[in-house]
Amino acid sequence: PEQPAKRILPPPGSPLKQQPAAVPEVRLASLTADHAYAFRVGAVAILDDGSALYSDWSEESDATFVAKMRLPNKPSATPTSSKTAHVKWTMPEKQSYDVALAVPAEYDVKAERIDDGALAGAERSVKLTAEVGSLERGKAFKFCVRALIQRRAMEDDEEKWTSYSEWSDPCEMPFVAEPVNPQATPLAGAKTGPALQVKWGMSDLPALAREPSGYEVRWFLADSSGDDAFPQHVEAGQLEHVITGGLQPGAAYRVQVRSLLKMDGFEDESEWCEIEQPVVMPMIAKPDPPVVGFAAKPPPPPGLRSARVVRLEWSAPQTS
């Protein structure tokens, strides 16, 4: 349907033959979002008696104009590393009036912290997916997407963004709760050799935090980075683990724990939570030297060679 015309009039008192100093332009409001428009222009002359003369309408504009880009659908977000989230979305299905609509050239994606609304990350993508990084783990985020179209500006022949959609409905990304206060204690007298008993706790769940579906425990020498350390899996609900095998007496070890989350295709892992101080394995005391003695034996029967029996005795050290 036709929209009401908007007039561009010369300044009061100007001669009718004088042209406006600038190229006539007008900003139109009340256009319906997600619709395409064509435009016509007509000239108006205001006479001295206040009457007006109107020209015919111009030819219809060749190019159509989209008032606003179509709104992307609500995105989804899943963590891909400790500080990165993978965001994906779709566009609404085409309608009957979409023939003249411009196709989005790119998309903006932003991440905001739910607790204070602060902007945590932003990316621009030409696809329907984006990787948003620099996210603080242990925080809840919401993600929004908007579509963009672009044209070439006539004055400098540079590409400029001319139309944005509204931001999509936000999606919220949950995260796994982190373990707290891990502790490790060497076990004395373990049958399997040197061992460490590791225990940890869980704090109250903040907003959007999820109960862990399992844990991982790893340990490595205090003077190493731990990048090659192989973690051991601990089932959900268990807040302790005994480390056995490969521990060296007298060596200092760093021990770390993290929680895991797997549900409905969503996976997350917390940061490693480390014991404040390295744990030093106790030394194993050496036994006392054996005592060598000779046990008295009855004389051998006639015709047999004599024999000697060596008896060894020692004492076990006190365990600590």
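Is Asn181 buried or exposed? Asn181 counts as exposed, with 55% relative accessibility; here buried means under 20% relative accessible area, exposed over 50%, and partly exposed in between, using a 1.4 Å probe and protein chains only.

## About the model

Welcome! This is a predicted model, where local features need pLDDT of at least 70 and side-chain atom pairs count only at pLDDT 80 or more, while totals for chains, interfaces and linings use all residues. Residues are numbered from 1 along each chain as its sequence is written, and side-chain values use heavy atoms, with hydrogens and water left out.

Most residues other than glycine have a negative phi. Asn181 is not a glycine, yet its phi is positive, at about 50 degrees. You will find Asn181 in strand β14, residues 179-187. Helices (H or I, at least four residues) and strands (E, at least two) are DSSP runs, numbered from the N terminus.

Ser134 is another residue other than glycine with a positive phi, near 60 degrees. Look for Ser134 in the loop between β9 (129-132) and β10 (141-152). Ser134 counts as exposed, at 66% relative accessibility.

## Cysteines without a bond

How many disulfides does the structure hold? The count is zero, a disulfide being a pair of cysteine sulfur atoms within 2.5 Å.
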